[in-house]
Amino acid sequence: MLDDIDRKIINGWQGGFPLTPRPFAEVAQDIGLSEDEAIERIRALREANVISRFGPMFNADALGGAFCLCAMAVPEERWENVVEAVNARIEVAHNYQREHRLNMWFVLASDRAERISEVCAEIEQATRLRVFAFPKLREFFVEFRVSA
């Protein structure tokens, strides 16, 4: 169960985390924690699966690059080999399994937009499976807030 401090962390540290040499010390002070306590709170929230990650979100488009959500239909008996082939690409940001015909989903991120189609082709060649690319058409920002 989340306490008031966990809620303050989740609600207050979105979209404005400082870029300073000791950011946790700075934001921890605002809610009455020590730097170590703040870091431990984030660790505990991650371990409890309250949050899936804590880190920066970069807009690849704004930096001149691109990213794309991709999916594949991977036969169960080939799963481990295909995971290895897909994850071998440095452009693969993360990869996860779903219970669906398209059971492997991953995100490609690159410093060049044309690299996305190149990597898809490389993965298809390596695995002999089709990569379905779902490029971003529109972007929506959904902020997560925890009520008191």
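**Close-up views of a predicted model**

**View 1. The loop between strand S1 (66–72) and helix H4 (79–87) holds Glu77.** Helices (H or I, at least four residues) and strands (E, at least two) are DSSP runs, numbered from the N terminus. The model is predicted: local features need pLDDT of at least 70, side-chain atom pairs count only at pLDDT 80 or more, and totals for chains, interfaces and linings use all residues. Residues are numbered from 1 along each chain as its sequence is written, and side-chain values use heavy atoms, with hydrogens and water left out. Glu77 has a relative accessible area of 68% and is exposed; buried means under 20%, exposed over 50%, and partly exposed in between (1.4 Å probe, protein chains only). Accessible areas come from the Shrake-Rupley method with a 1.4 Å probe, and for residues only the protein chains shown count as cover. Together with Glu76, Glu80 and Glu84, Glu77 forms a negative surface patch. Patches are made of residues with over 30% relative accessible area and no salt bridge, like charges being joined within 9 Å and nonpolar side chains (Val, Leu, Ile, Met, Phe, Trp, Tyr) within 5 Å. Asp and Glu count as negative and Lys and Arg as positive, while His and the chain ends are not counted. The place of a charge is NZ of Lys, CZ of Arg, CG of Asp or CD of Glu.

**View 2. A salt bridge joins Asp6 and Arg41.** The closest N and O atoms of this pair are 2.9 Å apart; a salt bridge is a side-chain nitrogen of Lys or Arg within 4 Å of a carboxyl oxygen of Asp or Glu. Because Asp6 lies in helix H1 (residues 4–12) and Arg41 in helix H3 (residues 35–47), the pair ties together parts that are 35 residues apart in sequence. Asp6 is buried at 10% relative accessibility, whereas Arg41, at 22%, is partly exposed. By this rule the model has 11 salt bridges.

**View 3. Salt bridges link Arg89, Glu91, Arg112, Glu114, Arg115, Glu118 and Glu122 in a network.** Side chains of opposite charge can pair when their charged atoms come close. Arg112 and Glu114 meet at 3.0 Å, N to O. Both are partly exposed, Arg112 with a relative accessibility of 34% and Glu114 with 43%. Between Glu122 and Arg115, the closest N and O atoms are 2.8 Å apart. Glu122 is partly exposed at 28%, but Arg115 is buried at 15%.

**View 4. Ser110 lies in strand S3 (residues 104–110).** Ser110 has 12% relative accessibility and counts as buried. Its side chain makes a polar contact of 3.5 Å with the side chain of Asp111. A polar contact is a pair of N or O atoms within 3.5 Å; within protein, one must be able to donate a hydrogen and the other to accept it, and residues adjacent in sequence count only if both atoms are side-chain atoms. A polar atom of the Ser110 side chain also lies 3.1 Å from the backbone nitrogen of Arg112.

**View 5. Asn49 and Ile51 belong to the loop between H3 and S1.** Asn49 has a positive phi, near 60°, in a residue other than glycine. Asn49 is exposed at 66% relative accessibility, while Ile51 is buried at 15%. The C-alpha atom of Ile51 is separated by 30 Å from that of Cys120, 69 residues apart along the chain.
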